[in-house]
Amino acid sequence: MLSAEARSAGAQVPFARMDFNDPELLEELMGAVRQVAERGAFTLGEPVEELERELAAYCETDFAVGVSSGTAALELALRALEIGPGDQVIVPTNSFIATAEAVSAIGASPLLVDVDPDTHLIDAEIVAAALTPRVRCVIPVHLFGATVEMGPIAELAREAGIYVVEDACQAHGAREDGARVGSLGQIGCFSFYPTKNLGAWGDAGAVVTSSPRLAQRVRLLRAHGERPRYRHRLVGATARLDALQAAVLRRKLRRLDGWNRQRRELGAALRRRLARSDAIDLPATGPERLGSDHVYHLFVVRCAERDALRAHLADRGVASAIHYPTPIHLTEAYAHLELPAGSLPVSEMLARRICSLPLFPGMTEAELHQVAQAALAFAKAPATADVDLAG
Ligand SMILES: *Cc1c(COP(=O)(O)O)cnc(C)c1O
């Protein structure tokens, strides 16, 4: 049931906003799609090559290679590094399942690790403790848009002789220690799933790297190992980026920094407003750590009574979501790893408490206010109840 207050306001705050809500952008993107359609060249080709040049320049790497999804980006990155059966890859269990799936898909084993209780991300200490002789690579995930402290991980990886593949699928454009995410390991991986900070009109992804050899290998792997036509140099896949998606992404890439600026401002504003809540913990971030960044792909708070909070928000017209309800090691898909409940306790605690609040470029002051007021009202409820009981 809607409260009288919410009914009279009548406003609903969506969880995210799609491109059709921006008529000017929609018009431009329809024009780009029309151009591709009129040329009739739908796979790879000019729009993909242009996007790759622009994305590499944006990420401050020498190369970018467009692929069919973020998961494909991770898979091909690992294959380009010649990781495969018998190898282990360190993956945080506090991530979207795709990070682990990419490792499994190439026949290697994800070595799932817990995250730091303060940042909710992995760090060099966690990686060091997990090393085994079979570990060939670590995949730091810049989860929710918050950057992992990469310097110590890169140093440790060099000493240990393992690779670093960044999962930057939630942090397009963020900077860690002054450098763009994606440029801090051997290969960086991006997803352009529609709701990401840079989203296509379907599935799309990319890898970025400054190694000509690795870029060349990913180029071969994404298209049947083929170069030139019908000379197949290695066993590859169909994992090309569509020209339609590239044409859309090129236009949106020009707006990414502006959108991220809005996300940072909205994130800071929500943090300020929710700071006095005693029932809700603010997103763990690093803005406190020098050199860190947060581009608020998601604004994730924690609350002991998370499900009650979500119901309360829904009553006030505020959408919410859970990212993610089950840590990777407790999913059915990864039951075979035999990591029981209790084995990676920080991530398990987070999965019970986290709640993602609406935050998206173009969010109005009124929407921000509605989210903050609704969340703060929940925060006050337990105290009021105490008073009532005492009275
Ligand atoms: C979205 C995402 C992926 C996978 O991307 P797809 O394009 O959906 O395959 C991988 N890792 C993380 C952290 C993601 O958020």
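The largest pocket of this predicted model holds about 900 Å³ of space. Of the 49 residues that line this pocket, the closest to its centre are Tyr-193, Pro-194, Thr-195, Lys-196 and Asn-197.

**Lining of the largest pocket**
- The elements that give two or more residues to the lining are helix H2 (23–39), helix H4 (70–80), helix H5 (98–105) and helix H9 (243–274), and H9 gives the most, with 4 residues.
- Sorted by class, the lining is made up of 26 nonpolar, 15 polar and 8 charged residues.

**Surroundings of the ligand**
- The ligand is surrounded by 13 residues, of which the closest are Gly-70, Thr-71, Asp-167, Ser-191 and Lys-196.
- For Thr-71, a polar side-chain atom lies 2.5 Å from an oxygen atom of the ligand, while an N or O atom in the side chain of Ser-191 is 2.6 Å from an oxygen atom of the ligand.
- Lys-196, listed among the residues closest to the pocket centre, has an N or O atom in its side chain that is 2.7 Å from an oxygen atom of the ligand.

**Helix H10 and what follows**
- In helix H10, which spans residues 306–315, the buried residues are Arg-306, Leu-309, His-312 and Leu-313.
- An α-helix has 3.6 residues a turn, so residues three or four places apart point the same way.
- After H10 comes Gly-317, whose phi is positive, near 75 degrees.

Note on methods: Residues numbered from 1 in each chain as written. Predicted model: local features only at pLDDT ≥ 70, side-chain atom pairs only at ≥ 80, totals over all residues. Heavy atoms only, no water. Buried < 20%, exposed > 50% of the residue type's maximum accessible area, 1.4 Å probe, protein only. 1 Å grid on protein atoms, 1.4 Å probe; cavity = no way out; pocket = protein on both sides within 12 Å on 5 of 7 lines; lining within 4 Å. Points joined across faces, edges and corners; volume = space filled by probe spheres on them. Nonpolar A, V, L, I, M, F, W, Y, C, P; charged D, E, K, R; others polar. Near = heavy atom within 4 Å. Polar contact = N/O pair within 3.5 Å; in protein donor to acceptor, adjacent residues only side chain to side chain.
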